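Student: Could you take me through this structure? I would like to begin with the DNA.

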There are 2 protein chains.
Amino acid sequence: MAGRTSSSKIYLDVVESLRSMIEADSLLPGDKIPSERELSDRFNVGRSSVREALRALELLGLIETRRGEGTFIRDFQEHKLVELLGTFFLQDKKVQEDLSETKRLIEIDCLRIVAFFATAEDIKRLMAWVKADEFHDDDFFLRIAILNRNRLLERIWRIVNSYARTSEMVQGNVKKEDYLSLLTYLLERDEEKAIETYLIRIRNMSKDE
Amino acid sequence: MAGRTSSSKIYLDVVESLRSMIEADSLLPGDKIPSERELSDRFNVGRSSVREALRALELLGLIETRRGEGTFIRDFQEHKLVELLGTFFLQDKKVQEDLSETKRLIEIDCLRIVAFFATAEDIKRLMAWVKADEFHDDDFFLRIAILNRNRLLERIWRIVNSYARTSEMVQGNVKKEDYLSLLTYLLERDEEKAIETYLIRIRNMSKDE
DNA sequence: CAGGCCGCTGTGGTCTGACCACTAGATTTC
DNA sequence: GAAATCTAGTGGTCAGACCACAGCGGCCTG
């Protein structure tokens with residue numbers, strides 16, 4: 001009956017305990033963590049609970065287990081674990097830069113794909129939408145991301161974008177003409193011009209703050 | 001034996017079985033899935049294995065369990081990085097293509113960045129490594145991903161790669177010369193040539209199968 | 001009849017102890 | 001010294017036992 005830190009689910013406690021343990025002992029990727037039996041012992045929980053935690057972390061790619069050898073820490077960097085537990089990382093500057101750079105790269109990738117595969121009809125429909133509605137820059141690229149029919153890339157964009165959005169850099173105002181000319185290039189399958197237009201847009205956005 | 005289902009870890013099989021079951025029965029968010037005991041029975045595995053799978057999915061945010069009631073499918077859509085994994089479970093065929101395409105795009109992005117920012121020294125060090133060691137294609141791009149100093153992009157690559165790898169098609173043999181010439185172009189900051197070399201490599205890899 | 005109490009039953013949550021399969025290192029054997 | 005062998009430690013799996021909780025229905029009481 002000790003004061004359990006949290007959620008009435010032991011395995012989550014174990015996850016948390018592991019996190020602290022890893023942090024406290026400053027274990028690095030490749031390092032071995034104690035055996036299941038020892039953890040079970042150390043945390044005073046059943047081995048099955050330890051296993052549930054470990055299996056979950058394994059599926060997340062945070063640890064790696066090798067039968068007969070042990071359990072090892074895998075790519076670390078900001079463990080996804082931390083995010084899952086609600087600890088967010090958007091603090092330092094570098095992360096910000098990485099976010100916007102990554103976002104930019106993905107958007108360009110999407111443009112490339114769209115320039116290559118999207119039907120003229122799809123693009124025209126998008127142009128009509130641009131003319132008709134009022135919208136946020138995100139909305140525009142969401143549509144681009146959807147047009148590119150790679151669901152995974154679309155997801156990645158959504159994720160990156162959602163992070164990028166929280167920590168907002170000022171979204172400068174971009175004029176409809178810019179979007180339209182970008183789309184026009186896409187329609188003409190002129191990948192390079194489209195990207196160029198995109199980059200100019202970026203520059204404008206960060207300029208007027 | 002083309003499709004190997006059993007990955008030697010029962011709980012992973014269960015995860016897979018659950019995926020198919022959900023797909024087959026077209027279960028939607030909010031729907032209840034069979035009890036642990038029934039699943040254990042249906043899949044002919046121990047309940048603990050079922051639980052390991054369920055706990056992992058729970059930590060991923062894909063399902064939700066309520067004691068005394070049951071286990072339910074959750075509304076994914078909004079799960080940060082975890083979303084990635086969601087994709088992994090939900091579709092199947094298309095995902096493979098998306099995975100390799102995305103991987104390719106990211107690798108090219110990394111190459112671009114490296115061509116632009118990496119120091120000559122770093123690249124030379126990589127060349128030395130190529131000459132000296134035996135390695136897998138993944139290892140090479142892992143190093144490229146690390147060289148590009150965008151941690152986020154590196155991380156996305158790792159994730160995508162780890163998934164792409166599981167389902168992998170034979171990694172054709174690429175010769176060291178190819179890597180070396182690629183690196184040479186990077187050293188000369190010749191982005192286009194480097195990417196061209198990269199693409200040729202891809203073609204070779206899928207050819208000899 | 002209404003309201004509430006009670007106890008089933010089914011479900012997840014947890015622990016224990018027992019095996020198996022495998023790895024690595026120590027030990028023995030040649 | 002090298003090869004074969006044994007052994008301890010580790011993850012993988014299972015079966016069975018409880019517990020805690022939610023939901024349902026029946027029974028008692030006012």
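**The surface near the DNA**

Tutor: The surface near DNA strand C has three nonpolar, ten polar and eight charged residues. Here Ala, Val, Leu, Ile, Met, Phe, Trp, Tyr, Cys and Pro count as nonpolar, Asp, Glu, Lys and Arg as charged, and the others, Gly among them, as polar. This is a predicted model, in which local features need pLDDT of at least 70, side-chain atom pairs count only at pLDDT 80 or more, and totals for chains, interfaces and linings use all residues. Residues are numbered from 1 along each chain as its sequence is written, while chains are lettered from A and ligands numbered from 1 in the order in which they are written.

Student: Which residues come nearest to DNA strand C?

Tutor: Of the 21 residues around DNA strand C, the nearest are Ile10(A), Gly46(A), Ser49(A), Gly68(A) and Ser35(B). A residue is near a strand if its C-beta atom, placed from the backbone, lies within 6 Å of it.

Student: Which element gives the most to that surface near DNA strand C?

Tutor: That is α3(A), with three residues. Helices (H or I, at least four residues) and strands (E, at least two) are DSSP runs, numbered from the N terminus.

Student: And which residues are closest to DNA strand D?

Tutor: Ser35(A), Ile10(B), Gly46(B), Ser49(B) and Gly68(B) are the closest of the 20 residues that surround DNA strand D. By class, this surface near DNA strand D has three nonpolar, ten polar and seven charged residues.

Student: Let us change topic. In what order do the strands of the chain A sheet lie?

Tutor: The order is β1-β3-β2 in an open, antiparallel sheet of three strands. β1 (32-33) and β2 (63-66) of chain A each have a single partner strand, so one side of each is left without a neighbour in the sheet. Two strands pair if DSSP finds at least two bridges between them.

Student: How many bridges join β2(A) and β3(A)?

Tutor: There are four bridges, in the antiparallel sense. Arg66(A) has Gly70(A), in β3(A), as its bridge partner.

Student: What is the mean pLDDT of chain A?

Tutor: Chain A averages 77, and 77% of the residues score at least 70. pLDDT is the predictor's confidence in each residue, from 0 to 100. Where pLDDT is low, the predicted coordinates should not be read in detail.
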